[in-house]
Amino acid sequence: MADPNQGLAAKQQRLTSRARILTEIRAFFGAAGFLEVETPYRIPCNAPELYIDPLPSDSSVLHTSPELCMKRLLAAGYPQIYQLCHCWRAEEHGSRHLPEFTMLEWYRANSDYRQLMDDCEQLLAKLLPSGKLIYQGQQVDVRPPFERLTLVEAFNRYAPVSLDQAMVEEKFEEHYSDYVEPQLGRCKPTILYDFPAGMAALARTRPDKPQLAERFELYIAGLELANAFSELTDASEQRQRFEAAERQRQELGKPAYPLPERFLQELEQMPEAAGIALGIDRLVMLLTDADSIGQVVAFTPEEL
Amino acid sequence: MYSCSDLKKGLKLMIDDEPHVIVGFDFTKPGKGQALYKCKLRNMITGSLFDRTYRSGESFKPAPLEERDMQYLYQDDTGYVFMDTKTYDQISLSEETLADDKYFLVDNMEVKILMFGELGIGITLPIFVNLRVTQSDPWVKGDTAAGNNKPATVETGYTLQVPSFVDEGVLIQIDTRTGDYVTRVKE
C-alpha cells in the first residue's frame with residue numbers, strides 16, 4: 001500500500017481550524033441578521049478592472065468577485081447579504097495569492113463604509129475572543145477600536161516619498177509594498193482609508209473631498225485582509241468609469257469584454273450601500289500562523 | 001522571451017548580459033494596483049544575490065546555457081579541471097563555483113557542467129558518491145545528544161553524521177544533493 005500523501009496529511013490541523021472559522025463566520029452574520037446568498041461562479045462578464053484579469057470559461061468568465069450579482073440583489077431589495085465563495089483571478093499566484101481563492105463578501109443597504117469598519121472590528125472580536133493574535137512572532141492586539149490611518153498619513157509615516165510623489169514617479173505600488181504594507185497592522189489592525197478616487201472604480205467619492213474615494217483596506221500583521229467601500233450608486237457615472245477601464249484594458253492589449261448592462265440598469269434602483277470583500281485564505285493564515293497561503297487550502301494548483 | 005507570468009523559482013534569465021537564476025519569488029498586487037513580481041536573483045557567474053522587482057509588461061531573455069557531459073580530471077592552480085567527453089576540451093571551475101560540491105568529486109567522475117558560452121558556471125554531480133571514511137571516533141555509549149549518530153570525516157575532507165557502526169576505513173555512500181549519509185558500501 002502506498003504511503004498517505006504527507007503534504008495533505010500535514011494540513012489537517014489548519015484545515016480543521018479553517019472549517020471552524022467558516023462556521024463562526026456564518027454564525028456571526030446569521031446573528032447580525034444577514035442573509036447568506038449564493039450567486040453563480042460563471043458569469044457573462046465582470047466589472048472591467050484594469051489590473052484584474054478573469055479566467056475564461058467557454059464564452060463566459062469565472063467571476064473575479066461576486067459583487068455584480070450581490071449588488072443586483074441589493075437593488076432588488078435585499079438589505080443585508082453575505083456570501084462565501086470561490087473566486088478566480090488569472091495569473092495571481094504567490095505566497096499571499098492563489099488564482100482560485102475563497103472570498104467573503106458582505107453588503108449593507110442604507111449604510112456606508114464606516115459601518116463596515118465597525119463590522120470588521122466585531123467579526124475579529126468574534127473570531128478571537130482573547131483579543132490577542134500572534135502571527136509569525138508579531139503580537140497584535142485585535143480588540144476594538146482598530147487603528148485608522150489615511151493613505152497620505154501612511155506614506156508620510158513609513159515611505160521615503162509622499163503619496164503624491166510616488167504617484168508622479170509611477171512608483172506607487174513599489175513604495176506601497178516595500179515600505180508601507182509591512183508596517184500596517186503591527187500592534188493593532190489598521191484601517192487604511194481615503195484612497196484616491198482613481199483607485200476605486202466602484203466606490204463613491206467623498207462628498208466633501210471628491211478627489212478621494214470612500215474606500216478602505218484592512219491590514220493585520222502586514223497582511224492585506226479586506227477591501228471595502230461605499231458603493232457608487234450613480235449608474236451613468238459607473239458606466240463612464242467602466243468604459244474608461246475597458247478602453248485602458250484594450251490599449252494594454254487585454255481581451256475585450258462586454259459591459260455588465262443588466263447591472264448598470266439595475267444600479268439605478270440600488271439604495272445607498274456599502275460592501276466589503278475579505279480574503280478567507282489570508283484570514284485563516286493569520287489565525288493559524290501560516291506564512292504562506294498554500295498551507296491553508298487543501299490543494300494548491302501544484303498539488304492537483 | 002519570457003514575460004512576467006513566466007517568472008518563478010529556478011528560472012534562468014539574462015539580466016545586464018549575464019545569466020541569473022531566480023532563487024526567491026513572490027507575486028503581489030499592492031492596493032489593487034498593478035501587479036509586482038518580486039524576485040531574489042543570483043548571478044550565476046559571480047554568485048552575488050540581490051532583489052529586483054518587475055512590473056507586468058516587462059520581458060526577459062532566457063539565459064543561453066548548455067549542459068555538457070564531462071569527466072573530472074584533477075585539481076591544479078587554476079582550479080578543478082574537467083574534460084568534455086565528446087570534444088576532449090578541458091575547462092576549469094573555481095572553488096567558489098563548486099562550493100560544497102568539491103567534497104564529492106572523485107577522479108574520473110562523470111558530471112554535467114553548465115556552460116555559459118565557454119565559461120563553466122555550474123555542476124551537476126551523480127546523485128550518489130562513494131567515499132572512504134578517514135577519521136571517525138568510536139561511538140560513546142550514553143552519548144544520546146546526537147541519537148545513534150556520530151561525526152565522520154571522509155577522504156575529501158568532508159564531515160558528516162554517520163550511524164555509530166560506521167568505522168574508519170569503511171566505504172560509505174553519500175547523497176550529493178543533501179550531503180547526507182545513505183548506506184555502508186559492501187566491498
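Guide: A helix here is a DSSP run of H or I with at least four residues, and a strand is a run of E with at least two; both are numbered from the N terminus. In those terms, A:Asp289 is found in the segment after helix 10 (280-288) of chain A. The model is predicted.

Visitor: What makes the phi of A:Asp289 worth a remark?

Guide: The phi of A:Asp289 is positive, about 55°, although the residue is not a glycine. Most residues other than glycine have a negative phi.

Visitor: Why is A:Asp289 called partly exposed?

Guide: A residue is buried with 20 or more other C-beta atoms within 10 Å and exposed with 12 or fewer. A:Asp289 has 15, so it falls in between and is partly exposed.

Visitor: Why does B:Thr178 count as exposed?

Guide: B:Thr178 has 10 C-beta neighbours inside 10 Å, and the limit is 12 or fewer, so B:Thr178 counts as exposed. B:Thr178 sits in the loop between strand 15 (171-175) and strand 16 (180-184) of chain B. Its C-alpha atom is 9.3 Å from that of B:Ile127, a residue 51 positions away along the chain.

Visitor: What makes the peptide bond from A:Pro144 to A:Pro145 cis?

Guide: Its omega is near 0°. Most peptide bonds are trans. A:Pro145 lies in the loop between strand 8 (138-141) and strand 9 of chain A.

Visitor: How do you know that the radius of gyration of chain A agrees with a compact globule?

Guide: For 304 residues, the globule rule gives a value near 19 Å; chain A has 19 Å, so the two agree. The C-alpha trace of chain A spans about 60 × 45 × 40 Å along its principal axes. Of the 304 residues of chain A, 42% count as buried.

Visitor: Which residues of helix 3 of chain A are buried, and what do they pack against?

Guide: In helix 3 (residues 67-75), the buried residues are A:Glu67, A:Leu68, A:Met70, A:Lys71, A:Leu73 and A:Leu74. They pack against strand 5 (80-88), strand 6 (100-109), helix 9 (261-267) and strand 13 (273-279) of chain A. Helix 3 of chain A lies across strands 5, 6 and 13 of chain A and runs at about 20° to strand 6. Just after helix 3 of chain A, A:Gly77 takes a positive phi of about 105°.

Visitor: What makes strand 1 and strand 9 of chain A edge strands?

Guide: They belong to an open sheet of eight strands in chain A, with the order 1-5-6-13-12-11-10-9 and mixed pairing. Strand 1 (35-36) and strand 9 (147-150) of chain A each pair on one side only, which puts them at the edges. Strand 9 of chain A runs parallel to strand 10 (residues 190-196) of chain A, and four bridges join the two. Two strands count as paired if there are at least two bridges between them, so four bridges are enough. A:Thr150 stands opposite A:Tyr193 in strand 10 of chain A.

Visitor: Why is one side of strand 9 and of strand 11 of chain B left without a neighbour in the sheet?

Guide: Chain B has an open antiparallel sheet of five strands in the order 9-8-7-10-11. Strand 9 (90-93) and strand 11 of chain B stand at its edges with a single partner strand each, so one side of each has no neighbour in the sheet. Neighbouring strands of this sheet are turned by 45° against each other on average, direction ignored.

Visitor: How do you know that strand 7 of chain B is joined to strand 8 and to strand 10 of chain B?

Guide: Six bridges join strand 7 (residues 66-76) to strand 10 (residues 110-116) of chain B. Six bridges also join strand 7 to strand 8 (residues 79-84) of chain B. B:Gln71 stands opposite B:Glu110 in strand 10 of chain B, and B:Met70 has B:Asp84 in strand 8 of chain B as its bridge partner.

Visitor: What is found in the turn of the hairpin of strand 10 and strand 11 of chain B?

Guide: Two residues lie between the strands, and B:Gly117 in the turn has a positive phi of about 65°. Strand 10 and strand 11 (residues 119-124) of chain B pair in the antiparallel sense over five bridges.

Technical notes. Residues numbered from 1 in each chain as written. Chains lettered and ligands numbered in written order. Predicted model: local features only at pLDDT ≥ 70, side-chain atom pairs only at ≥ 80, totals over all residues. Axes fitted to C-alpha atoms, helices over the stretch in contact; angles between N-to-C directions. Rg over C-alpha atoms; globule rule 2.2 N^0.38 Å. Contact = placed C-beta atoms within 7 Å.
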